[in-house]
Amino acid sequence: MSVKKTKKIKIDRNKCIGCGTCVALAPEVFELDKENKSWVKNPKGANEETIKLAADSCPAEAIKIEME
Amino acid sequence: MKKSEADLILKNEVPWLYSKKVKEHFFNPKNFMKPSEEKKFKYNAYGEAGSAVCGDLMKFWLWIDQKTEKIKKARWRTFGCGSAIASTSMLSVMITEKGGMPLTKAQKIKPQDIMKRLGGLPIIKIHCSVLGDEALRAAIKDYERQKNEKNKNRQK
């Protein structure tokens with residue numbers, strides 16, 4: 001049996017510059033709010049690979065995927 | 001503390017290299033809107049996208065066949081870097097090849113689809129490549145808006 005791990009996507013609002021790269025790569029997961037900062041609207045909106053790509057592509061390194 | 005570029009590349013284990021395809025499109029961009037043809041180019045859809053924070057801007061002009069709703073011609077222009085230029089050049093090829101892409105399909109193009117055709121992009125340059133499909137969608141929206149207006153006027 002595999003150990004179930006939940007992953008949490010964390011966005012540092014102070015780092016986020018609102019460029020929208022994460023939204024372009026994973027529109028079902030990320031969205032820009034009124035202040036043009038990214039937030040997670042649905043952590044299960046895309047597969048792990050896509051979410052990792054979005055996190056790795058963030059030019060401000062504002063997205064972290066944490067294991068809980 | 002901000003990590004250096006070299007740290008980033010090492011961390012992500014991606015080479016600091018552009019693929020052959022990226023270089024090809026960077027040095028010889030396809031469907032680029034030349035200043036000399038801007039006034040002559042016939043288009044029925046225009047869209048732009050940009051992010052003030054990253055300082056880039058993308059413009060897209062389209063000539064859409066109204067009967068088939070396929071994209072027959074495309075032009076674009078950007079302030080962007082090699083990654084932005086190559087991605088948008090490839091995108092413009094994708095939407096106009098094989099007799100033109102239907103609007104419904106063009107609307108669904110993702111940055112990942114463009115990256116695949118380019119043979120990949122260095123991960124720290126991916127954020128530069130996402131403006132093209134955004135501007136394309138803005139142009140398609142512009143076309144739909146004009147179409148709706150025309151239909152409304154007809155009904156009056």
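Which residues does A54(A) touch, not counting residues up to four places away in sequence? They are C22(A), L25(A), A26(A), V29(A), F30(A) and I63(A), where contact means that the C-beta atoms of two residues, placed from the backbone, lie within 7 Å. This is a predicted model, in which local features need pLDDT of at least 70 and side-chain atom pairs count only at pLDDT 80 or more, while totals for chains, interfaces and linings use all residues. Residues are numbered from 1 along each chain as its sequence is written, and chains are lettered from A and ligands numbered from 1 in the order in which they are written.

A54(A) is also, with F60(B), L62(B) and A139(B), among the residues with the most contacts inside the largest nonpolar core, which has 48 residues. Such a core is a set of buried Ala, Val, Leu, Ile, Met, Phe, Trp, Tyr and Cys residues joined through C-beta atoms within 7 Å, buried meaning that 20 or more other C-beta atoms lie within 10 Å of a residue's own. Helix α3 (residues 82-96) of chain B gives the most to this core, namely seven residues; helices are DSSP runs (H or I) of at least four residues, numbered from the N terminus.

The axis of α3(B) comes within 8 Å of that of helix α2 (residues 20-27) of chain B, and the two cross at roughly 90°, the axes being lines fitted to C-alpha atoms over the stretch in contact, with angles from 0 to 180 degrees between N-to-C directions. The helices α2(B) and α3(B) are therefore roughly perpendicular to each other, a term for angles of 65 to 115 degrees. V22(B), H25(B) and F26(B) of α2(B) make this contact with G82(B), I85(B), A86(B), S89(B) and M90(B) of α3(B).

Terms used. A residue is buried if 20 or more other C-beta atoms lie within 10 Å of its own, exposed if 12 or fewer, and partly exposed in between; C-beta atoms are placed from the backbone. Angles under 35 degrees count as roughly parallel, over 145 as roughly antiparallel, 65 to 115 as roughly perpendicular and the rest as oblique.
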